[in-house]
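Here is a friendly walk through the packing, the pairing and a few backbone details of one model. Have the structure open beside the text as you read.

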Amino acid sequence: MFHQPVLKNRRTLLERAEKFISEVYFTDCNLRGRLFGDSHPLASISLFLSPKRIPFEEASKQNFAPYKVGDTFGPTWWTGWFRVSLSLPAAWRGKEVHLLWESDGEALVWRDGQPVQGLTKEGEKTSYILTESLKEEEPHRVTLYVELACNGLFGAGHGSMIAAPDPGRRFSVQKAELVVFRRDVMDLLTDFEMLVDIVKNLGEGEQRSFQALFTVNEMVNVCDPADPGSFPKTRSLAATFFSQRNGQSQHTVHAMGHCHIDSAWLWPYEETIRKCGRSWVTVIRLMEKNPDFVFTCSQAQQFDWVKRWYPGLFSQIQSYVQKGRFVPVGGTWVEMDGNLPSGESMVRQFLQGQRFFQQEFGVHCKELWLPDTFGYSAQLPQIMRGSGISRFLTQKLSWNLVNTFPHNTFFWEGLDGSQVLTHFPPGNSYEMKGKIEDLLNTVRNNRDKGRANHSMVLFGFGDGGGGPTQLMLDRLQRVRDTDGLPRVQMSDPDMLFSQLEAESALLCTWSGEMFLELHNGTYTTQAQIKRGNRHCEMLLRDVEVASSLALSQDGAFRFQEEKLQELWRLLLLNQFHDVIPGSCIEMVVEDALRHYEEIRGAGTSLLLDALRSLGSSGREPDSSAVFNSLPWQRHEVIERQDVAGQPELALVTVPSAGVALATEAKPEIPVSVTVQADGSVVMDNGIIRTTVNSDGSLASLGLVAGGREAISDGCHGNRFVMFDDVPLYWDSWDVMDYHLQTRKPVEQVTEPLEVVSLGGVRGSVRCSLRISDRSSIEQEIVLDAASPYVKFSTKVVWAESHKFLKVEFPVRVRSPNATFEIQFGHLQRPTHRNTSWDWARFEVWGHKWADLSEHNFGVALLNDCKYGYSVQKNVMTLSLLRAPKAPDANADMGTHHFTYAVMPHAGSFQDAGVIRSAYNLNSPLRIFQSSADLEPWSAFSVDAAAVVLETVKQAEDMKAALVVRLYESHGSSVTATLRTALPVRAALYCDLLERPSTLDPPEMGPDGISLSFSPFQILTLLLTLRS
Ligand SMILES: [Zn+2]
């Protein structure tokens, strides 16, 4: 084959081939220099600048001023609308003609009033194809519009990607002209690139690498860049190599296009809408040219945005969905955080997502798709299964800082035993480029070699959008079955997972949560977002319970399902995996907080409407009543206004899921408050007794019965501590293990302890501490009559930089494990640091409570809006506030309000009612005006303490039916009776999407509906009401 001797000099041969396609060297004589033929200037180009994101119809009517290529415009977040007039030279007949557009920012080309293609340098898209072969009869004069967003794919970080945005950035167009594009040169360049990469990536240990080397070397010999007549022979050399096939055992890569678009991150929600438009219209163009190209696309919210903003594009997408090529995946409203949303929120992610996909495309997704989310709750498998989903895709655990996750393809078993088939693409990326190294990494990194012979490769620019390119498709096309490389198959998730299911006999099982050993600061960062999420979750719960009760009692009452759907969708949107974790820019924080305000405002008014309906018997509403949405009776102190409008406290009793007049009761045991000689104060309500030091820390906390002390010897509870908090890179995201070495107690008292409430229904004391000249803490420590916990109502003025505030409770309990509430249940994590898996969890997440118990005694820490914890040995710590500076330079600066509580208890936390207490702390009794003849009324109760009635709502598809969701919260097998005062005609089981089950309906007896639960099982019922 080779006529001249080829010397044994691998390096020169390889570098020769590299230089032959170099964009930098020898472009005067190499192949790359021939990619474009003639060029031609545009007829005219003019610009209109808009500070807002406006629709095409509005933009195209504006006054445009002449624009000269190279001129700058801006600033950041503005939009430049370009009107581009061009005239195709008649002499270019038969040629492929492109508009070459090299600019900063992210651009979208509009033609005839429709978006046609995205253009970004960062996404390797600088060409818009005007014609593949210019014909005489096609219009030669064309006017296009280019909508150019003044931000990059990754926002506009000042100096580095995750720095706060630079508001004053300037933008320019560097090149805008017509060019003849040489497709034959491009095809050859792709052949060369793939062969060069095979040489480099297979390396000197593989003979296939040398075969590629000699092939590409001979191609350089044969190819004359100036003579296209030499190209076919050169291509055939490459084709011979690529067509040498694999044996049957070779690994198969399932390649599918993808474009990860963060719903908000380094840019605001509004820009994401345009990112979707730009990215997806480009995908449609690629689909037109590449008949086997399949694209996977998640997040119902983004489809909904595109439907509203780009209806023409949306109907094109719908038709490609029908063809199975534009594949909706994930089944959720957004790619949510996997840790912080409540159980019910996660259910709603699927309910809203799957229903949207069903309505718009007639499909339910079969897989959960969270490639970029920061850890995965142990309850997700059950929630997925209940939502019609049995498969899961992510890759994020490849980011673990300490331990390497042992599997790529495996069964994931959840808290209740539910299993889902899980795949982590072994290439450890959701934005591969179809390159040789992506394919080889996929094979080499696979930790289930011999067990799973199929893997996923997702290709396309991601995070900020962009998506696949023609080049990526061409690369993959070359090596579909090339000896030495994995077999490449254009595929979709269903094909991959079906294949994995069919050959699953050797797969391993991972049980419990999948904890990400990184980004552990996201349980705490942006405290206002966390607070908004928790409060709004509880508020929407209350609205739905109250509205359901009103619906069943009052034929005229209307359940506001449309408004509620709108509010839920706002809440779900903010649970996106860069918003609720707090890893977004300040603009996003402002949007998110506005969404919470809207939910609070509209939600409160919906709640009051429902309560008014429950409290009216046609008579004047002249009394105050109380609503309890929780499924157990409550006996609690409420804060209300007296007739003169002054705040007053009252101890009231309200039945489970019901209402009662706010009749004041005398406490059986009034709270006593005693000031001691040293300034400390003893508070005692007959259940617990605590001694508060003059600095607000607890010297003692114990149970009155039995006198058991909860605070560790020689230590104080409620101790505030500060840490230096400087991560390695991901500022808002990460708190590192070494921060623990910088612990400093906050001890400087500015206002010593004073008594606020003297006892009776409430005892309380207050004191203030200085954190620094800029930051301070003010706290009221409250012990109510009949309450099993001491409550800490806290205000922090916070103006720190890279500091972390926590509160500690060293307790007199010894146990190897602590317990943390998660979605619809709880789990244990170690309190010791034996193995790397243990110490990697130095900062963990939990929901409303955490507990440390030994046999017969324990202490629980409750909170109303926090998610970060750590329990090491006997010290329970709640994470309160961080102060990262990127990507939001003002993250968490300002005033914060939050409440936590400590609850010592006898027995187990289950028997002591810790779970109920945490719900009570989070779900305030709601006071409303009612007529004086309101009888105490309970709509629901459950006779088993382990079972929590979480949700009551109107059924999505049946106006006269309620959906009732319960779960087993203790980790026990139990039977329970759900009693109801509602006029229930029939009860059926249904799944989380509210589809009736084929199981026999539950038994309805005179006492109620009999149900049996296994540990942490979620049961959903459809109750049809008598009209
Ligand atoms: Zn992401």
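## A pair of helices

Helix α15 passes helix α16 in a left-handed crossing, a term used when the near helix is turned anticlockwise from the far one by less than a right angle (clockwise would be right-handed). Helix α15 covers residues 561-573 and helix α16 residues 586-615, and their axes come within 10 Å and cross at roughly 150 degrees. That makes α15 roughly antiparallel to α16, given that angles over 145 degrees count as roughly antiparallel, under 35 as roughly parallel, 65 to 115 as roughly perpendicular and the rest as oblique. The axes are lines fitted to C-alpha atoms, for helices over the stretch in contact, with angles running from 0 to 180 degrees between N-to-C directions.

On the α15 side, the contact includes Lys-563, Leu-564, Glu-566 and Leu-567. On the α16 side, His-595, Tyr-596, Ile-599 and Leu-606 are among the residues involved. Contact here means heavy atoms within 4.5 Å. Helices (H or I, at least four residues) and strands (E, at least two) are DSSP runs, numbered from the N terminus.

## About the model

This is a predicted model, in which local features need pLDDT of at least 70 and side-chain atom pairs count only at pLDDT 80 or more, while totals for chains, interfaces and linings use all residues. Residues are numbered from 1 along each chain as its sequence is written, and side-chain values use heavy atoms, with hydrogens and water left out.

## Nonpolar cores

The largest nonpolar core has 268 residues. Such a core is a set of buried Ala, Val, Leu, Ile, Met, Phe, Trp, Tyr and Cys residues joined through side-chain atoms within 4.5 Å; buried means under 20% relative accessible area, exposed over 50% and partly exposed in between, with a 1.4 Å probe and protein chains only. Helix α14 (residues 527-553) gives the largest share of this core, twelve residues. Apart from it lies another core of 30 residues, including Leu-88, Ala-107, Leu-119 and Leu-178.

Trp-280 is among the residues with the most contacts inside the largest core, as are Phe-303, Ile-317 and Phe-326. Not counting residues up to four places away in sequence, Trp-280 touches Ile-261, Phe-295, Cys-297, Gln-302, Phe-303, Val-306, Leu-313, Ile-317 and Phe-326.

Six strands form an open antiparallel sheet in the order β31-β30-β36-β43-β42-β39. Strands count as paired if DSSP finds at least two bridges between them. β31 (744-745) and β39 (844-845) stand at the edges with a single partner strand each, so one side of each is left without a neighbour in the sheet. Within this sheet, six bridges join β30 (residues 719-724) to β36 (residues 803-810), and Phe-720 stands opposite Val-807.

Another open sheet has four strands in the order β47-β50-β53-β52, again with antiparallel pairing. Its edges are β47 (940-942) and β52 (1003-1005), and the twist averages 30 degrees from one strand to the next. Five bridges join β50 (residues 974-980) to β53 (residues 1008-1013), with Leu-978 and Ile-1009 as bridge partners.

## Hairpins

β23 (residues 634-641) and β24 (residues 647-654) pair in the antiparallel sense over eight bridges, and Val-637 stands opposite Leu-651. Their hairpin has five residues between the strands, and Gly-645 takes a positive phi near 85 degrees there.

β17 (residues 409-413) and β18 (residues 419-423) run antiparallel, joined by five bridges. In their hairpin, Gly-417 has a positive phi near 100 degrees. β17 also pairs with β21 (residues 508-511), in the parallel sense over four bridges; here Phe-411 stands opposite Thr-509.

## Backbone details worth a look

The loop between β43 (875-882) and β44 (894-906) holds Pro-887, which is joined to Ala-886 by a cis peptide bond with omega about 5 degrees. Asp-892 lies in the loop between β43 and β44 too, with a positive phi of about 65 degrees although it is not a glycine. Asp-892 counts as buried at 4% relative accessibility.

His-519, in the loop between β21 and α14, has a positive phi near 60 degrees and is buried, with a relative accessible area of 2%. The peptide bond from Gly-74 to Pro-75 is cis, with omega near -5 degrees, and Pro-75 sits in the loop between β4 (72-73) and β5.
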